[in-house]
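These are my notebook entries on one protein chain. I record what I looked up and in what order.

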Amino acid sequence: MTENHLHEKKNIITEKGIHTDFRNQMTYGEYLQLDTLLSSQKRLSGHHDEMLFIIIHQVSELWMKLILHELHAATRAIQNDDVSSAFKMLARVSKIQSQIVQSWDVLSTLTPAEYLEFRDELGQSSGFQSYQHRLIEFALGFKSNHILKIYEKDQVLYEQLKEAYQAPSLYDVCIQALAKAGFAINPDLLKRDYTDPYKADPTVEQAWAAVYRDVKTYWDLYELAEKLVDLEDWMQQWRFRHMKTVERIIGHKIGTGGSSGVGYLKKVLDHRLFPELWDVRTKL
């Protein structure tokens, strides 16, 4: 033990305010339910690197849970004409996205040979089936009906996804906010079927252009637009790192869930969530 460690240990021991008797008090581990959390890594192969694979995906799911928590709150705030309250929530989502993007760097330390040692144990399970990722896509307006079939096994989960599939996305309520601010938005957009994929509309582009040209008048909407651009930027970075990590580990093999793997991930890269906010940059 080094001198610094001894000094640190002495300081802890002599710190009079530190609680040491938890016989009738809740501990840190109990609050976080660490017994449950840290016993949830069940390797099926016993291979050393399967632990990395499990933890990376579990941590990503925890981050996604927080993303959904923030996205839903931000959507409600905008619907309630409290746009400014949504800024902190959306900024937090972007920071979370940056953490998930960096997780691919850790997973990419898994080599093809190492992954092959336990890949067969996954069966047909795949990250493609992540229901929280689907909920995030639905919340951001990327909706696909055939995806719902994956979740019919669990009726409760299926109903949750179906409700999210039919609900207005974050961008839908932002467009409604533009209309409330007095912009002439295509009325069909304000009462559209939210299960239909969103397509760029010239009235929305004109509204965002007006916002960017008069930032002082439309400061809240301008800030909202930039938060949306941040979200999509990070989403695209996540998609790209996902695709390159998969390509690095399995090449162009079919995914365990039956998807085309890298081919599917490359196609998704072309999808835009908030098209007018990108188009307007060229025309300003």
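**Entry 1. Overall fold.** I read the secondary structure along the sequence and noted the pattern α-α-α-α-α-α-α-α-α-α-α-α-α-α. The chain holds 14 helices and zero strands. I note here that the model is predicted. I took the extent of the C-alpha trace along its principal axes and found about 70 × 55 × 40 Å. Of the 284 residues in the chain, 40% are buried. I then turned to contacts with a sequence separation of 6 or more, and found that 68% of them join residues 24 or more positions apart.

**Entry 2. The nonpolar core.** Which residues have the most contacts inside the largest nonpolar core? I found L71, L170 and Y171, in a core of 70 residues. I next looked up the helices that each supply at least two residues of this core: they are helix 4 (50-79), helix 5 (83-107), helix 7 (131-139), helix 8 (155-166), helix 9 (170-180), helix 11 (202-213), helix 12 (219-250) and helix 13 (262-268). Helix 12 provides the largest share, 12 residues.

I then listed the surroundings of Y171, leaving aside its neighbours within four places in sequence. Its contacts include the aromatic residues Y198, W208 and F274. V204, L228, L273 and L277 are also in contact with Y171, as are P275 and E276.

**Entry 3. Helix 4 and the residue S60.** I checked the length of helix 4, which has 30 residues. From its first C-alpha to its last, helix 4 reaches 43 Å, close to the 44 Å expected at 1.5 Å a residue. Within helix 4 I looked up S60. Is S60 buried or exposed? I recorded a relative accessible area of 13% for S60, and under the 20% limit S60 therefore counts as buried. Not counting residues up to four places away in sequence, S60 touches I100 and S103.

**Entry 4. Salt bridges.** I counted 11 salt bridges and followed several of them individually. E70 pairs with R92, and the closest N and O atoms are 3.0 Å apart. E70 lies in helix 4 and R92 in helix 5, so this pair ties together parts that are 22 residues apart in sequence. I compared the accessibility of the two partners: E70 is buried at 6%, whereas R92 is partly exposed at 36%.

The second pair I examined is K180 with D81, whose side chains meet in a salt bridge at 3.0 Å, N to O.

K191 is exposed, at 61% relative accessibility.

Entry 5. As background, most residues other than glycine have a negative phi. I therefore looked up residues that depart from this pattern. What is the phi of D81? D81 is not a glycine, yet its phi is positive, near 65 degrees. D81 follows helix 4 and sits in the loop between helix 4 and helix 5.

Q33 is likewise not a glycine and has a positive phi, about 50 degrees. I located Q33 in the loop between helix 2 (28-31) and helix 3 (34-37). At 53% relative accessibility, Q33 counts as exposed.

**Entry 6. E247.** With 23% relative accessibility, E247 counts as partly exposed. Its side chain makes a polar contact of 2.8 Å with the side chain of K244. Which residues does E247 touch, not counting those up to four places away in sequence? I found H252 and V262. Finally, I took the C-alpha to C-alpha distance from E247 to I147: the two are 23 Å apart in space and 100 residues apart in sequence.

Key: Residues are numbered from 1 along each chain as its sequence is written. This is a predicted model: local features need pLDDT of at least 70, side-chain atom pairs count only at pLDDT 80 or more; totals for chains, interfaces and linings use all residues. Side-chain values use heavy atoms; hydrogens and water are left out. A nonpolar core is a set of buried Ala, Val, Leu, Ile, Met, Phe, Trp, Tyr and Cys residues joined through side-chain atoms within 4.5 Å. Buried means under 20% relative accessible area, exposed over 50%, partly exposed in between (1.4 Å probe, protein chains only). Helices (H or I, at least four residues) and strands (E, at least two) are DSSP runs, numbered from the N terminus. Contact means heavy atoms within 4.5 Å. A salt bridge is a side-chain nitrogen of Lys or Arg within 4 Å of a carboxyl oxygen of Asp or Glu. A polar contact is a pair of N or O atoms within 3.5 Å; within protein, one must be able to donate a hydrogen and the other to accept it, and residues adjacent in sequence count only if both atoms are side-chain atoms. The expected span of a helix is 1.5 Å times one less than its number of residues.
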